[in-house]
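Hi there,

Here is the structure I promised to pass on. Please have a look at it first, and then read my notes below.

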Amino acid sequence: MEGEEFYEKTLIILGVVLIGAAAYFLINEPGKDRVTIKKTNRPTENSGKAPILTIEEDRDVPVEEEFPASMDQLEVENAIHDMSHQKVRAEDKWGFLPMTQDRVERLTEVVEKNKKKYGKNADVYLDILQRWSNDDFSAVDQDHNTIWDMQGGTVGKATGILTIEQEQEFIRKHYKTNE
């Protein structure tokens, strides 16, 4: 009888621990960093004084580990493509990566270090990343479609640029925010 009672208590304790762990991971979503949405009015050459959204991220993994210098072209294209989804209108989108200044800057460094390896596409990547680094998203839909074409896209072509309100909604839906 004592053995059965010990066994039952152990199962109950184990069940409570597992439920607690599951609840913690559902609430905290490990591996998904928190982002803070900021609305700015920094003027750019093409956007005038139109407000734009930027994201700051509380990261668990340094950007250098996320984007190592050894990235291949497909990884660079996927990162650019996934970040563009935050700002473009498209019927279908797969892959979501918060577009942060540190990601854009790190990808720029990676592409510059691998220009020879990436060939003519390196200039395309750098043109896109340079505009984004300067908060110029006036052609982000075209940037998306350039990468989409390089990857042989057939579904999910960008058809425009999201409004600030639509972008905020997208961010809140796909990223864990500090709000």
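Predicted model: local features only at pLDDT ≥ 70, side-chain atom pairs only at ≥ 80, totals over all residues.

Residues are numbered from 1 along each chain as its sequence is written, and side-chain values use heavy atoms, leaving out hydrogens and water.

The whole structure holds three aromatic pairs (Phe, Tyr or Trp rings, the six-membered one for Trp, with centres within 6.5 Å). In one of them, Phe96 and Phe170 have ring centres 5.5 Å apart and planes at 65 degrees, so they sit edge-to-face (planes over 60 degrees apart; under 30 is stacked, the rest tilted). Phe96 lies in the loop between β3 (88-90) and α4, and Phe170 in helix α8 (residues 164-174), 74 residues apart. Together with Tyr175, Phe96 and Phe170 form one aromatic cluster.

Tyr118 and Tyr125 also pair edge-to-face, with centres 6.0 Å apart and planes at 75 degrees. Both Tyr118 and Tyr125 are buried.

Now to a helix pair: α3 (residues 73-84) packs against α4 (residues 101-113) at about 155 degrees, with axes 11 Å apart. The contact (heavy atoms within 4.5 Å) involves residues including Val76 and Ile80 of α3 and Leu107 of α4.

Best wishes

Definitions and conventions. Axes fitted to C-alpha atoms, helices over the stretch in contact; angles between N-to-C directions. Helix = DSSP H or I, 4+ residues; strand = E, 2+ residues; numbered from the N terminus. Buried < 20%, exposed > 50% of the residue type's maximum accessible area, 1.4 Å probe, protein only.
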